[in-house]
Each structure stands twice: as structure tokens, then as C-alpha cells.
Amino acid sequence: MTFDPASYVFDQPSRPTAIRASTVLPARRENVEILTADGHTLVGELALPESGRISATLITLHPLPTHGGYMDSHVYRKASYRLPALADVAVLRFNTRGTSSSRGTSQGTFEEGIGERYDVEAAVQFAVDRGLPNRWLVGWSFGTELALMYGAAEPVVSQVEGAVLLSPPLHRAHDAHLQQWAAAGKPLTVLVPEHDDYLQPAEAARRFSLVPQARVVGVDGAKHLWVGEKYAARVLNEIVDDVTESGSGMAGLPQMWDGPVATAAA
């Protein structure tokens, strides 16, 4: 059965609530479908600020589906739970072709990052058609490969402001893709865990030196999957700092919320 984001039950606590991994803050959430140019329907969710004001839009590209990656991978799930309320950021999550989650299964089969070009293009076009402003790609692991390979090429490059990369392995994306980003001149932030399994900060700095505007940030103690609230929160702060004018603030995004909250199932 497909999960309905309208099924969250919000309560008004008598005092401010600590924001934890399963805390869901208010937003306008809807299940969406995205149609690709090669005829596949992708399933996803769009979370919008209740206020109606959108400071930025995240188009999220998830980790490798053959290794457990999907639209509900924890950093993206937390982004959708928190950022519409805390930063007026819209969050579009979707399953690439052949990928399943509680939202459902996207049509097609995994194509090693090749056919997924159509998925990236379709997701960006969806955001454009919905009138969502200040659009940014956010890729994680395999998703960084998609962002690097297709984000600096038309039709995507003229429709996004830049990209934020989490744990880039640089397996499928090569120097030619980095050079394309350099030529595009669009901002690129690269968050690299100290203990990443594939690409660690020093090597990342060397590889991304091909992109003069790239900002490579090594994150002490972190691992490829950003496990732990400390690291997930760091990622969300960095994203908000990059994509919004006001940023996350001197102390980062709030860790307490005084208002209605819901709790997501584990």
C-alpha cells in the first residue's frame, strides 16, 4: 500500500519539542508522479512550506538503488521532515527508475546511471512546471554521479542554480564531467566524510580542483552514509547555508520546535 504523507497525525505539545530523527514538522506534502521523456512514471513526494514562501527547492538524487538507496534514504527523509518548516525550503524526493520505497515503485529498471539521465531531466522539469524557485540538485553517493554527469548539461544546467554533493564516489562521473561543471560556472559544494569508503577529503580536493568554483568540505568523523543525528544535521545545515540567502544561522538550524509535530514510523 502506497504511503500517504497526509496521514501524519500532528499534535500540539505543551512545551517546545526536541527535533529527533523521526520528528515530522508541518508542511504541505503530496505524493507526485514524474513522467520521463522515455515513457517511465517515477513516484515521489513533494514537501512545501506551509507559509507558501519558498526560499529554495531541493531536487534530491538518492544513493545506489542496488545497495539500498531510495527516496527515503535518511538524510533526504529528514530534509523533507524539517526543511520546509525550518528554512522555507521545498524538498522533492523521488525514486529513480526501478527503485522502490513505501511511496511505491518507479517504472523501468536500473540502468547503471545511463537511462537515469531522463529521470534527472524529468525531475528538474517537474520542479520548473510547478513554479518552484531557486532550484538546486542535491546528490548523495550514486546521486552525485547523476548530478555531475547531467547537471551541467542542457536541458538541466539552465534550470538549476547549482548542486550540493554528499559522499561523491567519482566512479561513473569522470574528469570530463567535472570540466563541464567548470565551464558552466555554477556553484558546486562537495561534502566529503573523513572516513568515506570511496573518496576521502584530500583526494576529493585534488579531483575537484578541476572545478574552480567547487567548495570541498571535509567532515571530521563522518562516514559515507552520514549515520548519526550529528552528521545528518551537519549536512542539512550546509545545504541550507548554500541554497538560501539567510542560511542556517550561527548555531545551525533549530534543534527545538515550538508548534505542532508528528512522529514518523521507523
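Student: How many of the 14 residues of H1 are buried?
Tutor: Twelve of them are buried, so H1 is largely enclosed by the rest of the structure. Buried means under 20% relative accessible area, exposed over 50% and partly exposed in between, with a 1.4 Å probe and protein chains only. A helix here is a DSSP run of H or I, at least four residues, numbered from the N terminus. The model is predicted: local features need pLDDT of at least 70 and side-chain atom pairs pLDDT 80 or more, while totals for chains, interfaces and linings use all residues. Residues count from 1 along each chain as its sequence is written, and side-chain values use heavy atoms, without hydrogens and water.

Student: What is Lys78 in contact with?
Tutor: Leaving aside neighbours within four places in sequence, Lys78 is in contact (heavy atoms within 4.5 Å) with Ala21, Leu83, Glu229, Ala232 and Leu236.

Student: And what follows H1?
Tutor: Asp88, whose phi is positive, near 55°.

Student: New topic, H4. Which residues are buried there?
Tutor: In H4, residues 175-184, they are His177, Leu178 and Trp181. These cover an arc of only 100° around the axis, so they are on the same side of H4. The arc is that of the directions from the helix axis to the C-beta atoms.

Student: What exposed residues does the face turned away carry?
Tutor: Ala176 and Ala183.

Student: And what follows H4?
Tutor: Gly185 does, and its phi is positive, near 75°.

Notes. Helix = DSSP H or I, 4+ residues; strand = E, 2+ residues; numbered from the N terminus.
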